[in-house]
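Hello,

Here is the structure we talked about handing over.

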Amino acid sequence: MRWTRGQRLSTRSLPHGPSPHMTLDDACGHLQRILHPLPLDEFLDGVLGKRFIKVPASAQSHRADMMGADPQQVILSAFADIAPHIAFHAIEPRGPAPTVGPVANAQAFKAKVAAFHDLGYTIRIPQPRWLSPDLEGFLRALEFILHTPAKAEAFWSRGEGKAPVHHDDFDIIVIQLQGRKRWFIGSDTPDLPNAWTSVLRPNTVLGRHEAVEVGPGDLLYLPRGTPHRVDSLTNSLHLSISLTPLTLRAAIIAALDALSDVDRPFRQTVGQHLAQSVRSGDFDSLQAAVRQGAARLQAACQSEGFVAQALQLRSARVIGDMSALNVRQDRPPLSRESLVRQAPMSMCQVVASNDLLEFSYPGGRLCVHKGAEPSVRFIASTREFKIGDIPGDIGDDIRLALADRFLDCGFLQVVR
C-alpha cells in the first residue's frame with residue numbers, strides 16, 4: 001500500500017533535503033573543514049550521540065579564527081545588542097553580580113565584563129552567530145545535515161573561572177577560541193535525557209571521568225547527558241554549539257503529527273468520560289482509545305512512503321523555525337531584467353497540497369497558489385536568474401510579485 005495524504009499532501013515526490021543556495025556538498029564540505037582531521041562520516045556514524053571526543057587543533061580547520069583574529073573585540077564592538085542580554089555563573093562568587101543592562105560604548109562594556117570577572121563570574125554571550133559569517137556557516141551546515149536547529153553561545157572567563165558539575169539536555173560542540181581550559185568529562189555511556197525537566201532526576205554526579213585540556217582551535221563534542229565541569233586555566237573564550245539530532249522519539253512524533261492531519265480522532269478530545277477520569281484520577285478508561293490510535297499509527301507506518309513524507313513535513317517545520325535570513329532594505333526597483341540570487345546560507349523545503357504550496361525557509365513560511373508551482377520550484381532550485389526567466393503560465397506582473405515575496409523574506413537578494 002502507498003501512503004497518500006488526500007487534501008493535505010500530494011503523492012508527488014518531495015525533495016529529500018533542503019534546496020540550494022547551500023547544497024549537500026556545501027554543507028558536508030563546511031563541516032569537514034571545521035571537524036578536520038576527524039572525518040565527517042566518522043563523526044556522524046561513530047561519535048554523534050555515542051561518546052565524547054576531543055579533536056586537536058588543526059591548521060586546516062581554522063577553528064580558532066571562527067570569530068576573527070580578535071573575538072573579544074568582535075563581541076565588545078557589538079555592545080548595544082549584546083550587553084543587555086548577557087548571562088553569568090560562578091561556583092563561589094566573591095560578591096553579588098553587577099547589574100545587566102545597556103552600556104554607552106565598547107569601553108563601558110569591557111569595564112562591565114571586567115567587573116563580572118573580578119567577582120569570579122563567567123560571562124555567557126547569547127546567540128553570537130550573527131557576529132561571524134564562519135560561525136553562521138557552520139551552524140547552517142549542521143542544520144542542513146541534521147535537520148535540527150543549532151544554537152551558539154560564547155563563554156568568556158578569567159583564569160580562576162569555574163563551572164559546576166552539570167549535564168546538558170542537548171549535544172554540545174565546543175570550540176576553544178582563546179586561552180586554555182580543563183574539562184572534567186564523565187566517561188560512562190551518556191543517558192541521553194529528554195529535554196524536559198524531571199522532578200525525579202537526581203543531581204548530576206561526575207563519577208568516572210577524564211581530564212581534558214583544551215587550547216585555541218581544539219574542539220570537543222559531548223552527547224547530551226554527559227556529566228562535566230570546567231576550570232579556566234587562563235583568560236578564556238570558547239564557543240558552545242548546542243543541538244539535538246533526530247531521535248527515534250522525534251521521528252515517531254513526526255509520523256503521529258502527519259497522521260493526525262488526516263485522521264480526525266487524533267485531534268478530538270480523548271475519551272468519552274473525561275470528567276469522571278479527571279475527578280477520580282483514574283485514566284484507565286482512556287486505554288482503549290490510546291491502543292486504537294497506536295494501532296492506526298503502526299498501520300500507517302507500514303504504508304509505502306508514509307514515514308518519508310512525515311519526516312519531510314517535519315523538516316519543513318524545522319526549517320521554518322530556524323533563525324531568520326537577513327533581509328536587505330536597500331532594494332532597487334524590480335523589472336523583468338532584474339538579476340536575483342538565493343541568499344547565502346538559505347535553504348528551503350516545498351510541500352504541495354491540492355490547492356497550495358507551502359514554501360519553508362529559515363525564519364518562516366510562504367503559502368503560494370498551486371498554479372504557481374513551476375515558478376516556485378524554479379526559484380527554490382535555481383541559484384541565480386533574471387525575474388523574466390521565471391517559468392510558468394503567468395504574466396510578468398505575477399513574476400514580479402513572486403520575486404517581491406521571496407525578496408521580502410530574505411530567500412532572494414537582488415544582484416543588479
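**Helix α7 and its two neighbours**

In α7, Ala 250, Ala 251, Ala 254, Ala 255, Asp 257, Ala 258 and Leu 259 touch α10, where their counterparts are Phe 306, Ala 310, Leu 311, Leu 313, Arg 314 and Arg 317. By class, this contact holds ten nonpolar, no polar and three charged residues. Please keep in mind that this is a predicted model.

Now the geometry. Helix α10 covers residues 306-320, and its axis comes within 8 Å of the α7 axis. The two cross at roughly 95 degrees. An angle of 65 to 115 degrees counts as roughly perpendicular, so α7 and α10 are roughly perpendicular to each other.

Helix α7 (residues 248-262) also meets helix α9 (residues 287-301). Their axes come within 10 Å and cross at roughly 100 degrees. That makes this pair roughly perpendicular too. From α7, the residues in contact are Ile 252, Ala 255, Leu 256 and Leu 259. From α9, they are Arg 296, Leu 297, Ala 300 and Cys 301. The contact of α7 with α9 counts seven nonpolar, no polar and one charged residues.

Ala 255 is listed in the α9 contact and in the α10 contact.

**A three-stranded sheet**

Next, the strands. Three of them form an open sheet, ordered β16-β12-β17, with antiparallel pairing. β16 (384-386) and β17 (412-414) are the edge strands, each pairing on one side only. From one strand to the next, the twist averages 30 degrees.

Strand β12 spans residues 339-342 and is joined to β17 by three bridges.

Helix α11 (residues 373-381) lies across β12, β16 and β17. Its direction is about 70 degrees to β12.

**Cysteines**

How many disulfides are there? The count is zero. A disulfide needs two cysteine sulfur atoms within 2.5 Å. For Cys 28, the closest cysteine sulfur is in Cys 348, 17 Å away, which is too far for a bond. For Cys 409, the closest is also in Cys 348, at 9.8 Å, again too far.

Are these two cysteines buried or exposed? Cys 28 is partly exposed, at 26% relative accessible area. Cys 409 is buried, at 9%.

Best wishes

Terms used: Residues numbered from 1 in each chain as written. Predicted model: local features only at pLDDT ≥ 70, side-chain atom pairs only at ≥ 80, totals over all residues. Heavy atoms only, no water. Buried < 20%, exposed > 50% of the residue type's maximum accessible area, 1.4 Å probe, protein only. Axes fitted to C-alpha atoms, helices over the stretch in contact; angles between N-to-C directions. Helix = DSSP H or I, 4+ residues; strand = E, 2+ residues; numbered from the N terminus. Parallel < 35°, antiparallel > 145°, perpendicular 65-115°, else oblique. Contact = heavy atoms within 4.5 Å. Nonpolar A, V, L, I, M, F, W, Y, C, P; charged D, E, K, R; others polar. Pairing = 2+ DSSP bridges.
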